[in-house]
Amino acid sequence: MRHNGSSKGETRSSALWGKPSKGETRSSALWGKGGRGVALVLLVAVALGAPVAAGAGGSSHANVEAYLSPGLLEQAKENPNGTFDVIVQGSRGENTAEVATEVRTAREHDPGRGVGLRDRFSSLSAVAAQLTGRQILRLAGRSDIRAITSDAPVVLSGYSSKQRWPYVAGFHGVWDSPTAANAPTIAIVDSGIQAGRIDFGGRVVAQVNMTGLLPNSPGDGRGHGTFVAAVAAGEKLGRAGGSPRSKIVSIDVMDDNGMAMTRDVIAAADWILANKDLYNIRVANFSLHSASPASVFFDPLDRAVEKLWFNGVVVVAAAGNYGVGGSASGIPFAPGNDPFVLTVGAADINHSVRASDDFAAPWSAWGYTLDGFAKPELGAPGRYMVAAVPATSTLVLERPANVRPYNTMELSGTSFAAPVVAAAAAQVLARHPEWTPDQVKGALMVSAKDTPSATRGSLGVGMIDATRAAAVASPPNPNAALNQFVVPAGDGTGPMFDAASWANVAQSDASWASASWASASWANASWASASWANASWASASWANASWASASWANASWASASWANASWASASWADNAEAELGVGGELLDAAELLELGVSG
Ligand SMILES: [Ca+2]
Ligand SMILES: [Ca+2]
């Protein structure tokens, strides 16, 4: 079920939200436009035991004739000189002009701050006004005034968040679109999901247990996967995720301690491939990574996620939290080291909804893979996020200082940046279901917002923007140079990446890189600029910094240290950064108003 973002009041347009739907005001729906509607509402109100007139707000005030929004009477009494944005409705038989006269009269009797009349409505006898508490109390005593209700900002989409991150990532521009209902299913390969929460509205359509480790509680004993899923697709009022109408498939590969085995994650990818059509899975989120450095030559998990990619599933992977002090760490771990998939770094959004001051969280991994690919491709909010976590999960027990009300926690990590991008991918696919993962990746990258305050490359090409990505009509293909090495596997399993052929070319021909990945450099190009879109990836010189460098030839994937690692025993970190919260990145009062979020 969709939720209306407001519990009261009129619709209100704002610069960002555009105009309210014509005539579709909450108050008219609630109160009706004629006598019958009023009678119905009164019946409901009485049945619920709600105060209607004289008892409004539970007050014993003797001279209250009008209905007031809950709490408004008390607030007006406590703040007689304070100002309130309200909608004033006339009693039956009163027209809008008469209501306006009442408002003007109240202001003349009790002068004070406030702009007075703001708007007059034609479809109902009502005006919008900014009045003092004293003026409201006067009007409340008038028999020709039917109701005074708060002119609260309304989220037209029905989805909202009190956190900054969805607005940084541009979800407020797509939440409301009817097209968003076409968003595909997102597979969450993680610790499981507490599926029954209101955050998910019954949209968790499958839960698969792939965990070979114990203990592994039903649902989500760790808490990590529920949080990730809520960021990707939560719908709870006030804390919506990026694609709140996507269905969700939970594939549990992580035990209650946040550990997973390589084989189980590969099995999860297998399962997604086999069931993607059944559940319309087009996006898979991996907020985990291997503990063993690997080259794409040999890593079986890279093979597995590439298989998904070549079969139409956008794979999103967390970059990892092993960065130190903001310096380049390299990205040596699967699946984030795979050149096809989307790897995501975590941004600190720096107390504002604009991206220009964003920077990479100091622990957010970035740099080159052992094969010379620059990662991550994109940045997304990933610090001080607040989302759902089961009350009995081990994350709650381990980090009580991060627990927040309503069974939520405040957590940081690239784990929580990845599902932001997964949601944006779902929003793009809602509009372009025929697009390949390469096209989705191109749309997300070409539309990213510049992050000039971040170290170049630490957040890839910049901050994800779901609204801008959804508007891209013909995306560039960021994987074009690699696709010439995608060949039939010959074993009936479809296409595969011929890493050996690619490596031969890349090693023997330094110009290959500059000829294909082109002339734009991570370091210098403005990825968000229109010119970049035309120039395409092919103009990046970042290749020169990696492919041709000695570091590639000497890459440590040849070293004994990881060659000796046992794949089967590889453990997996859950990427949940253990730093303390700061109280969340919550919208302040001015931002709430500007963005039209119910306070
Ligand atoms: Ca689990
Ligand atoms: Ca910011």
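## Close-ups of a predicted model

**View 1. α7 passes α11 in a right-handed crossing (right-handed means the near helix is turned clockwise from the far one by less than a right angle, left-handed means anticlockwise).** The structure you're looking at is a predicted model, in which local features need pLDDT of at least 70 and side-chain atom pairs need pLDDT 80 or more, while totals for chains, interfaces and linings use all residues. Residues are numbered from 1 along each chain as its sequence is written, chains are lettered from A and ligands numbered from 1 in the order in which they are written, and side-chain values use heavy atoms, without hydrogens or water. Helix α7 covers residues 224–233, and helix α11 covers residues 414–431 (helices are DSSP runs of H or I with at least four residues, strands are runs of E with at least two, and both are numbered from the N terminus). Their axes come within 8 Å and cross at roughly 35° (axes are lines fitted to C-alpha atoms, for helices over the stretch in contact, and angles run from 0 to 180 degrees between N-to-C directions). On the α7 side, His-224, Phe-227, Val-228, Val-231 and Ala-232 make the contact, and they meet Ser-415, Phe-416, Pro-419, Val-420 and Ala-423 of α11 (contact means heavy atoms within 4.5 Å). Sort these residues by class and you get eight nonpolar, two polar and no charged (Ala, Val, Leu, Ile, Met, Phe, Trp, Tyr, Cys and Pro are nonpolar, Asp, Glu, Lys and Arg are charged, and the others, Gly among them, are polar).

**View 2. Helix α7 is largely enclosed by the rest of the structure, because ten of its ten residues are buried (buried is under 20% relative accessible area, exposed is over 50%, and partly exposed is in between, with a 1.4 Å probe and protein chains only).** Among the buried residues of α7 are His-224, Gly-225, Thr-226 and Phe-227. Zoom out for a moment: the protein chain has 599 residues, of which 58% count as buried. That chain holds 21 helices and 22 strands. Take its contacts between residues at least 6 apart in sequence, and 76% of them join residues at least 24 apart.

**View 3. Helices α8 and α9 pack together at an angle of about 15°.** Here α8 is residues 262–279, α9 is residues 300–310, and their axes are 9 Å apart. The two are therefore roughly parallel to each other (roughly parallel is under 35 degrees, roughly antiparallel is over 145, roughly perpendicular is 65 to 115, and the rest are oblique). This crossing is left-handed. Val-265, Ile-266, Ala-269, Ile-272 and Leu-273 come from α8, facing Pro-300, Leu-301, Ala-304, Lys-307 and Leu-308 of α9. By class, that contact has nine nonpolar residues, no polar ones and one charged.

**View 4. Aromatic rings pair up in this structure, nine times in the whole of it (rings of Phe, Tyr and Trp, using the six-membered ring of Trp, pair if their centres lie within 6.5 Å; planes under 30 degrees apart are stacked, over 60 edge-to-face, and the rest tilted).** Trp-165 and Phe-171 make an edge-to-face pair, 6.2 Å from centre to centre with 80° between the planes, and both residues are buried. Tyr-322 and Phe-333 are edge-to-face too, with 5.0 Å between centres and 85° between planes. Both of these residues sit in the loop between β11 (314–318) and β12 (342–348), so their pair ties together parts that are eleven residues apart in sequence. Tyr-322 is partly exposed at 23% relative accessible area, whereas Phe-333 is buried at 14%. Look as well for a cluster in which ring pairs link Phe-310, Phe-340, Phe-373, Phe-497 and Trp-502.

View 5. Most residues other than glycine have a negative phi, and most peptide bonds are trans. The bond from Leu-214 to Pro-215 is cis, with omega near -5°, and Pro-215 is in the loop between β7 (204–209) and α7. Lys-375 to Pro-376 is also a cis peptide bond, with omega near 0°; Pro-376 lies in the loop between β15 (374–375) and β16 (378–381). Asn-280 isn't a glycine, yet its phi is positive, about 55°. You'll find Asn-280 in the loop between α8 and β9 (281–286), partly exposed at 41% relative accessibility. Tyr-384 has a positive phi as well, near 60°, and lies in the loop between β16 and β17 (385–388). Tyr-384 is buried, at 11% relative accessibility.
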